[in-house]
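Welcome! Please take a moment with the sequence and the 3D view before reading on.

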Amino acid sequence: MEEMYEAIERCKPLILATTKKYAFLGEHFDLYDKAMEIAYDAYLSYDKTRGGFPNYLKNKLNYYFLDAAKKKRPISLNEHNTKGEEIITTLEDSTDLEAELIGRDMLRELMAYIEDLPPTESYLIKAKYFDNLSNAEIAKDLGKSSKTIANRHSLALNKLREMIRRDNFIY
C-alpha cells in the first residue's frame, strides 16, 4: 500500500499537468479528484513487467479525459436537457444582490474605520485579516515579538470596536 502512495505521489506533476491540459472539462478540483481516482485504479491494474507506471498512468489519464471531451456539451442555454427542459430554465441564481450590496457598504465603512486607526494598528489589522498573516509573520516584518503583536492586535481591535460603538455603526 505504501508503495502505491509513493508511486502516485511521484506522479503528481503529471496528474496536475493533465488536469490543467483538460481544464475546459470542468472545475480544477473535480478534475483533480477524478485523476487521483484514475491513478489509484491504474496502480491496481498496472502490470509491473510492461514498462514504467508513469507512462501507463499518463495513457490512462489521457484516454479518460479524451473520452470525456468527446461527450456533447451544451453550447447554448436554449438547448434542452434530458428531461426536455431548456437549460436556461433550470439554472438557479444563488446570489442575493441586496445582501451583496449591503456587504460591500459595510466593508467600505469598516475600511474607513481601519484607516482612522494609527498607521501601525491599521497595518496590523490589514495584515492579519486581509493578508492572512500570522502574528509571527507580522512580528518579523515589524521587528517585534509575537506576544507584542498579539497585545497590539487586541488593543487595535478594542479601539476599532470603540469607534464603531461611538458612531452606532449597525447594519
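What follows is a short tour, from the whole chain down to single residues.

This is a predicted model, in which local features need pLDDT of at least 70 and side-chain atom pairs count only at pLDDT 80 or more, while totals for chains, interfaces and linings use all residues. Residues are numbered from 1 along each chain as its sequence is written, and side-chain values use heavy atoms, with hydrogens and water left out. The protein chain has nine helices and zero strands, where helices (H or I, at least four residues) and strands (E, at least two) are DSSP runs numbered from the N terminus.

**The whole chain**

- Read along the sequence, the pattern is α-α-α-α-α-α-α-α-α.
- The radius of gyration of the protein chain is 26 Å, well over the 16 Å that the globule rule gives for 171 residues, so the chain is more spread out than a compact globule. This radius is taken over C-alpha atoms, and the globule rule is 2.2 Å times the number of residues to the power 0.38.
- Along the principal axes, the C-alpha atoms of the protein chain fill a box of roughly 70 × 50 × 25 Å.
- Of the 171 residues, 25% count as buried; buried means under 20% relative accessible area, exposed over 50%, and partly exposed in between (1.4 Å probe, protein chains only).
- Carbon and sulfur atoms hold 54% of the accessible surface of the protein chain, which comes to about 12,600 Å². Accessible areas come from the Shrake-Rupley method with a 1.4 Å probe, and for residues only the protein chains shown count as cover.
- Among contacts (heavy atoms within 4.5 Å) between residues at least 6 apart in sequence, 50% join residues at least 24 apart.

**Helix H3**

- Helix H3 covers residues 28–45, and its 18 residues reach 25 Å from the first C-alpha to the last, close to the 26 Å expected at 1.5 Å a residue. The expected span of a helix is 1.5 Å times one less than its number of residues.
- The buried residues of H3 are Leu31, Tyr32, Ala35, Met36, Ile38, Ala39, Ala42 and Tyr43. They cover an arc of only 165° around the axis, which puts them on the same side of H3; the arc is that of the directions from the helix axis to the C-beta atoms.
- An α-helix has 3.6 residues a turn, so residues three or four places apart point the same way.
- Turned away from the buried side of H3 is a face with the exposed residues Phe29, Asp30, Asp33 and Leu44.
- Cover for the buried residues of H3 includes helix H1 (2–10), helix H2 (12–21) and helix H4 (53–70).

**Helix H9**

- Helix H9 spans residues 146–166; its 21 residues reach 30 Å from first C-alpha to last, close to the 30 Å expected at 1.5 Å a residue.
- In H9 the buried residues are Ile149, His153, Ala156, Leu157, Leu160 and Met163. Seen down the axis of H9, these buried residues fall within an arc of 125°, so they line one face of the helix.
- Lys147, Leu155, Arg165 and Arg166 are exposed on the face of H9 turned away from its buried side.
- Among the elements covering the buried residues of H9 are helix H6 (97–116), helix H7 (119–129) and helix H8 (135–142).
- Asparagine 168, which follows H9, has a positive phi near 55°.

**Aromatic pairs**

- Rings of Phe, Tyr and Trp (its six-membered ring) pair if their centres lie within 6.5 Å; planes under 30 degrees apart count as stacked, over 60 as edge-to-face and the rest as tilted. By this rule the count comes to seven aromatic pairs.
- Tyrosine 22 and phenylalanine 65 form a stacked pair, with 5.3 Å centre to centre and 20° between the planes. This pair links distant parts of the chain, 43 residues apart: tyrosine 22 sits in the loop between H2 and H3, and phenylalanine 65 in helix H4. Both tyrosine 22 and phenylalanine 65 are buried.
- Tyrosine 46 and phenylalanine 53 form an edge-to-face pair, with 5.3 Å centre to centre and 70° between the planes. Both tyrosine 46 and phenylalanine 53 are buried.
- Tyr22, Phe24, Tyr64 and Phe65 are linked by ring pairs into a cluster.

**Two single residues**

- Asparagine 132 lies in the loop between H7 and H8 and has a positive phi of about 55° although it is not a glycine. At 62% relative accessibility, asparagine 132 counts as exposed.
- Lysine 126 lies in helix H7 and is partly exposed, with a relative accessible area of 25%. Leaving aside neighbours within four places in sequence, lysine 126 is in contact with Met111, Ile114, Glu115 and Asp131.
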